Amino acid sequence: MNTNDIPGLEFDHYTAAQARANRTTVETIHRSAYADAISTGDPFNHPDAFMQRFDAYTDPHAGRFELVVARIDGHPAGQTWGWPLTANSRWWTNLELDSGDRAAFTAENGLRTFALSEIMVCNEFTGQGLAHALHDELLTSRPEERATLLVEPDNTPAYRAYLRWGWHRIGTLKPTWPHAPTLHALTRDLNPHQ
């Protein structure tokens, strides 16, 4: 994805503390990107539940969180974030691996796996390649061996995009958050030399 293809696009990178200082922007982007899901009354997508998860992710003791906010002509247009998984991460809790040794697959040390937790684009900026640009901006310089993300099985546009971007399914996972759906777990190699 060439970010020059999106006129006026700029990225801002934030640590956990900096992300917390930008809560209003994070919630505004979520409300725009998830307007349809919020309108269904699904408690998992409710802004309050979403911001509770955001606050947990950005806890100063939680690890090396990174937020990327995309702005087009200075206006918030989308965001993505994630963090490296450590030995005590709960990310893999409830993972049902399609094949292989679960214990070996889920062994983490803070350098093996980057968890891409969210990619969202404000409704008025969809269809411009911004999700892919955000994805690449966050992952391109990551030092970890691989990345993982979770996707709703019926979110066909996102699922197809992830497959095009080099992701593959490794199993299913129901996060431990209240009202969380069962999601497909995907991974991809982050080593640019392979």
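A residue is called buried when its relative accessible area is under 20%. By that cut-off, buried residues make up 46% of the 194 residues in the protein chain. The model is predicted.

**Figure 1. The whole chain in outline.**
The protein chain holds 7 helices and 8 strands. Its C-alpha trace spans about 45 × 40 × 35 Å along the principal axes. The radius of gyration is 16 Å, which agrees with the value near 16 Å for a compact globule of 194 residues. Take the contacts between residues at least 6 apart in sequence: 69% of them join residues at least 24 apart.

**Figure 2. Helix α2 against helix α4.**
Helix α2 covers residues 23-33, and helix α4 covers residues 47-57. The two pack with their axes 11 Å apart, at an angle of about 135°. That angle makes α2 oblique to α4. The crossing of α2 and α4 is right-handed. From α2, the contact uses Arg23, Val26, Glu27, His30 and Arg31. From α4, it uses Pro47, Phe50, Met51, Phe54 and Asp55. Sorted by class, the contact of α2 with α4 has 5 nonpolar, 4 charged and 1 polar residues.

**Figure 3. The buried residues of helix α4.**
Buried in α4 are Pro47, Ala49, Phe50, Met51, Arg53, Phe54 and Tyr57. The cover over these buried residues includes helices α1 (16-20), α2 and α3 (35-39). Strands β3 and β5 (113-121) are also among the covering elements. Pro47, Phe50, Met51 and Phe54 also take part in the contact of α4 with α2.

**Figure 4. Ser32 in helix α2.**
Ser32 lies in helix α2. Its relative accessible area is 17%, so Ser32 is buried under the 20% cut-off. Leaving out residues up to four places away in sequence, Ser32 touches Cys122, Asn123 and Glu124.

**Figure 5. Ala37 in helix α3.**
Ala37 is part of helix α3. Residues up to four places away in sequence aside, Ala37 touches Asp42 and Asn45. Helix α3 is itself one of the elements that cover the buried residues of α4.

**Figure 6. Thr106 in helix α5.**
Helix α5 runs over residues 102-106 and includes Thr106. Thr106 is buried, at a relative accessible area of 16%. Which residues does Thr106 touch, not counting those up to four places away in sequence? They are Trp92, Leu95 and Arg112.

**Figure 7. Helix α6 and the strands that cover it.**
Helix α6 spans residues 130-139. Its buried residues are Leu130, Ala133, Leu134, His135, Leu138 and Leu139. The cover over them includes β1 (9-14), β2, β3, β5, β6 (146-151) and β8 (183-189). Strands β3 and β5 are named in the cover of the buried residues of α4 as well.

**Figure 8. Ala133, a buried residue of helix α6.**
Ala133 sits in helix α6. Its relative accessibility is 1%, so Ala133 counts as buried. How far apart in space are Ala133 and Gln52, C-alpha to C-alpha? The distance is 26 Å, and the two residues are 81 residues apart in sequence.

**Figure 9. Asp73 in the loop between β2 and β3.**
Asp73 lies in the loop that links β2 (66-72) and β3 (75-84). Its phi is near 50°, a positive value in a residue other than glycine. Is Asp73 buried or exposed? Its relative accessibility is 59%, and the cut-off for exposed is over 50%, so Asp73 counts as exposed.

**Figure 10. Asn94 in the loop between β3 and β4.**
The loop between β3 and β4 (96-97) contains Asn94. Here too phi is positive in a residue other than glycine, with a value near 75°. Asn94 has a relative accessible area of 42%, so it is partly exposed.

How values were computed:
Residues are numbered from 1 along each chain as its sequence is written. This is a predicted model: local features need pLDDT of at least 70, side-chain atom pairs count only at pLDDT 80 or more; totals for chains, interfaces and linings use all residues. Side-chain values use heavy atoms; hydrogens and water are left out. Helices (H or I, at least four residues) and strands (E, at least two) are DSSP runs, numbered from the N terminus. Buried means under 20% relative accessible area, exposed over 50%, partly exposed in between (1.4 Å probe, protein chains only). Contact means heavy atoms within 4.5 Å. Axes are lines fitted to C-alpha atoms, for helices over the stretch in contact, and angles run from 0 to 180 degrees between N-to-C directions. Angles under 35 degrees count as roughly parallel, over 145 as roughly antiparallel, 65 to 115 as roughly perpendicular and the rest as oblique. A crossing is left-handed if the near helix is turned anticlockwise from the far one by less than a right angle, and right-handed if clockwise. Ala, Val, Leu, Ile, Met, Phe, Trp, Tyr, Cys and Pro count as nonpolar, Asp, Glu, Lys and Arg as charged, and the others, Gly among them, as polar. The radius of gyration is taken over C-alpha atoms; the globule rule is 2.2 Å times the number of residues to the power 0.38.
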